[in-house]
Amino acid sequence: MANAVTTATPTPRARVQAMMEYHPPLGSRDALRLDFNENTLECSPKVRDVLAQISAGALTRYPEREPVEAIVAAKLGLRAEQVALTNGVDEAIHVLFETFLEESDELLLPVPTYTMYQVYASATDARVVTVQAAGDLQFPFERLMAAITPQTKVIAIANPNSPSGSVASREQLLELARRAPQAVLMVDEAYFHFYGETLMDLAGTAPNLVVARTFSKAYGLAGLRLGLLAGPAELMQWVRRVLSPYSVNSLALACLPAALEDTKYLDWYVGEVLAARREFEATLDASGVRRWPSCTNFVLVDIGTQHAEFVRLMRAAGVLVRDRSSDPGCDGCVRITIGTREQMKKAVAALNDALKVLRAESGKR
Ligand SMILES: Cc1ncc(COP(=O)(O)O)c(C=O)c1O
């Protein structure tokens, strides 16, 4: 009987079978990339120099995270045990949820927000509690406060938020942390550099606050996969148990100090994007396109029922933008990443042409 042939196939956990699938539209992106909020240009030349010097022999070693964590922690004014480097912020989110969320726990989220929070939560046994932002897509502070229960175990806030570009104030975030001392408040500062406000100064001391940062956006290192989580050592020790010791590869670790050092490049890129955003927002306003205020390197615009056609026309003109119309409360919305002023000239030309076509089409109906 032991060798009997069976037609049964392995089945994953019920939770995994019910998990939401997420397939980011990463195919055919050989165009102006205004669809993923990446740096649209390149990383610091200092990082490129480090990469060029990496020997074949260096790749034979397992990556050692701790010395680089110490450098990053010192830059942030924290102790090494308060900082964990991760394979992008996505891994930080995944590991944090795996560490803290179990059955009967609740993950509290304002929506719309970054999609991966729900994806990773759906692999845990916790319940996801969402709080819908009002039509202005501003941070729904009062309703989040009211949604906290004794079961709330993690509260995930992207600040600034995507896709809305809106922000929560420092006071609001601290108030949430105080109201839910049994919960980890994760403040995801992926777009920090375009905003400037942070809770990082409290990451080591506020007992239930962890702050996430990415190197995928302003630093231009999305392909290297680098993120970090900072929080009190008492919480970070649990996160480290779940985190793979090798998930940040040696190329990423080698490049990180150079990326942090080159503040000149970072400041230049951020300044360029902010100037480009001001110009682009003025263009949108002049064209009568409704938009939401943004504290980031992207703008959410309301195209209405023709959103899919708009995205198609932009792509045909060589500009990739992201349809967010299926995000909660974002009917008809498209998110447009901001690049340099030079790059945005092409985006403006494509936008004006697309609007002309759409307006002619809707005039015919
Ligand atoms: C709010 C937010 N957090 C995290 C990420 C992903 O960061 P990473 O590339 O470091 O995984 C994104 C990417 O779009 C994001 O918008």
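Biologist: Which element gives the largest share of the shell around the ligand?

Modeller: In this predicted model, 13 residues surround the ligand, and the closest are G88, V89, D90, T214 and S216. By class, the shell around the ligand divides into 5 nonpolar, 6 polar and 2 charged residues. The largest share of that shell, 3 residues, comes from α4.

Biologist: How far apart are the end C-alpha atoms of helix α4, and what span should its 13 residues have?

Modeller: Helix α4 covers residues 88-100, and at 1.5 Å a residue its 13 residues should span 18 Å.

Biologist: How many of the 13 residues of α4 are buried?

Modeller: A residue counts as buried if 20 or more other C-beta atoms lie within 10 Å of its own. In α4, that holds for G88, V89, E91, A92, I93, H94, V95, L96, F97 and F100. The helix α4 is therefore largely enclosed by the rest of the structure, the number of its buried residues being 10 of the 13.

Biologist: How far apart do the C-alpha centres of domain 1 and domain 2 lie?

Modeller: The protein is divided into domain 1, made up of 14-40 + 264-360, and domain 2, which takes in 46-261. The two domains touch, with 28 residues of domain 1 in contact with 28 residues of domain 2. Between the C-alpha centres of domain 1 and domain 2, the distance is 24 Å.

Biologist: Which element gives the most to the side of domain 1 that touches domain 2?

Modeller: With 28 residues of domain 1 in contact with 28 residues of domain 2, the elements that each supply at least two residues of the domain 1 side are α1 (14-17), α10 (263-287) and β10 (298-302). The residues on this side of domain 1 divide into 17 nonpolar, 6 polar and 5 charged. The element that gives the most to that side, with 5 residues, is α10.

Terms used:
Residues are numbered from 1 along each chain as its sequence is written. This is a predicted model: local features need pLDDT of at least 70, side-chain atom pairs count only at pLDDT 80 or more; totals for chains, interfaces and linings use all residues. Domain bounds come from an automatic or database domain assignment. Two residues are in contact if their C-beta atoms, placed from the backbone, lie within 7 Å. Helices (H or I, at least four residues) and strands (E, at least two) are DSSP runs, numbered from the N terminus. Ala, Val, Leu, Ile, Met, Phe, Trp, Tyr, Cys and Pro count as nonpolar, Asp, Glu, Lys and Arg as charged, and the others, Gly among them, as polar. The expected span of a helix is 1.5 Å times one less than its number of residues. A residue is buried if 20 or more other C-beta atoms lie within 10 Å of its own, exposed if 12 or fewer, and partly exposed in between; C-beta atoms are placed from the backbone. A residue is near a molecule or strand if its C-beta atom, placed from the backbone, lies within 6 Å of it.
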